[in-house]
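Good morning. I have one structure today and two parts of it to go through. Please have a look at it first.

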Amino acid sequence: MRTAQIFVGLILFCLLTACADTRYYLQSAGGHLHMMQASRPVAQWLADEQVAPALKQRLALAQRIRRFAVTELQLPDNASYQRYADLQRRAVVWNVVAAPEFSLTLKTWCFPVTGCVGYRGYFREADAREQAQLLAQEGLEVSVYGVPAYSTLGWLNWLGGDPLLNTFINYPEGELARMIFHELAHQVLYVKDDTVFNESFATAVERLGGERWLATQGSAAAQQEYATFDARRRQFRALTQATRTRLAAIYKENEPLAPDLPAQVAMKIVAMNNFREDYARLKVSWGGYSGYDAWVAGANNASFGAQAAYDEGVPAFEALFAREGQDWRRFYDAVRRLAHLPAAERARALKQISTENLSG
């Protein structure tokens with residue numbers, strides 16, 4: 001890749017990911033440039049005698065998953081996930097999310113191409129935490145979390161596409177498949193200013209695709225591993241959804257009142273305490289599995305609000321997939337039709353699909 005090509009690509013990337021100021025532009029461009037420079041075609045990694053056999057096995061698995069995504073799920077066939085990079089860190093970016101003390105509605109940042117989104121991403125964790133501190137000083141509840149992958153929405157496939165990364169290459173087989181399916185789904189379509197629609201659609205694709213991969217390609221061990229992990233995830237998300245519903249009711253019921261009303265604060269504290277107590281009971285039923293401990297320890301309005309974007313519309317998309325005869329092309333066409341609707345009408349249509357599925 002020539003330097004000029006990389007630079008032009010990074011300008012595009014900056015527009016996609018939120019360059020609202022010079023400093024943010026520099027860290028976005030520099031971070032993506034480092035990632036692309038670190039990446040090499042998977043074929044080179046597989047041919048390199050210095051590469052550990054375990055990594056080669058994972059890269060080969062990722063290529064099989066990618067082929068499955070194209071041939072079976074009708075996801076885009078392009079340059080993405082045909083390169084690999086070891087970033088020597090645990091996340092590719094760190095997202096910052098923020099919400100008021102008595103609301104689950106996330107603060108948004110608006111950018112030229114992606115529109116308004118409820119997060120701001122940084123390639124350096126220190127930069128993310130610096131931004132979080134500034135937001136906290138404004139009285140917002142803030143959460144910072146590492147992200148294993150992000151999508152450039154297909155805009156940079158000519159530059160090498162989105163690479164496989166060390167941040168997720170060693171995920172359990174089912175989770176690795178879901179990750180690749182999720183990120184490729186963002187290249188099918190992206191709706192400006194509608195994070196919930198975009199993330200719920202991609203999450204539905206990853207769930208449905210992941211289940212199909214394991215059912216047709218996965219070993220018995222991979223299927224069992226996934227079943228255990230996914231059962232815990234579903235239980236945890238049911239718990240967080242119930243808590244979001246309770247918090248939303250507390251905030252809505254008290255909207256006419258002063259936001260610092262002691263009773264409202266007390267109700268919020270009780271709801272959060274109940275959440276942590278219920279989680280402790282879940283852990284016991286899981287035999288002490290502690291994978292969600294860090295999330296629970298830092299749970300606040302911001303983290304609950306961020307999780308909602310990935311969960312809220314999933315049942316509607318899964319119902320739409322079933323309604324379209326589990327045909328991937330028909331499903332994507334139906335989703336594209338929804339994407340062309342005005343935002344309010346699109347939300348009503350998704351809600352109606354979900355309601356019809358429950359009543360059916």
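I'll start with the pocket. In the lining of the second largest pocket, the biggest contributor is α8, with eight residues. Keep in mind that what you see is a predicted model.

Which other elements supply at least two residues each to this lining? Besides α8 (220-253), they are β5 (115-117), α7 (195-216), α11 (301-311), α12 (314-323) and α14 (343-359). In total, 47 residues line the second largest pocket. Those nearest its centre are Val196, Ala308, Asp311, Glu312 and Gly313. By type, the lining splits into 22 nonpolar, 15 charged and ten polar residues. The volume of this pocket is about 1400 Å³.

On volumes in general: a probe the size of a water molecule is rolled over the atoms, and that shows where empty space is left.

Which residues of α13 are buried? They are Trp328, Phe331, Tyr332, Ala334, Val335, Leu338 and Ala339. Looking down the axis of α13, the buried residues fall within an arc of 160 degrees, so they line one face of the helix. On the face turned away from that buried side, Arg329 and Arg337 are exposed.

Last, the N-terminal end of α13. Asp327 caps it, with a side-chain oxygen 3.1 Å from the backbone nitrogen of Arg329. So much for today.

Terms used
Residues are numbered from 1 along each chain as its sequence is written. This is a predicted model: local features need pLDDT of at least 70, side-chain atom pairs count only at pLDDT 80 or more; totals for chains, interfaces and linings use all residues. Side-chain values use heavy atoms; hydrogens and water are left out. Buried means under 20% relative accessible area, exposed over 50%, partly exposed in between (1.4 Å probe, protein chains only). Helices (H or I, at least four residues) and strands (E, at least two) are DSSP runs, numbered from the N terminus. The arc is that of the directions from the helix axis to the C-beta atoms. A polar contact is a pair of N or O atoms within 3.5 Å; within protein, one must be able to donate a hydrogen and the other to accept it, and residues adjacent in sequence count only if both atoms are side-chain atoms. On a 1 Å grid over the protein atoms alone, a cavity is a set of points where a 1.4 Å probe fits but cannot get out, and a pocket is an open set with protein on both sides within 12 Å along at least five of seven lines; lining residues have an atom within 4 Å of a point. Grid points are joined across faces, edges and corners, and a volume is the space filled by probe spheres set on the points. Ala, Val, Leu, Ile, Met, Phe, Trp, Tyr, Cys and Pro count as nonpolar, Asp, Glu, Lys and Arg as charged, and the others, Gly among them, as polar.
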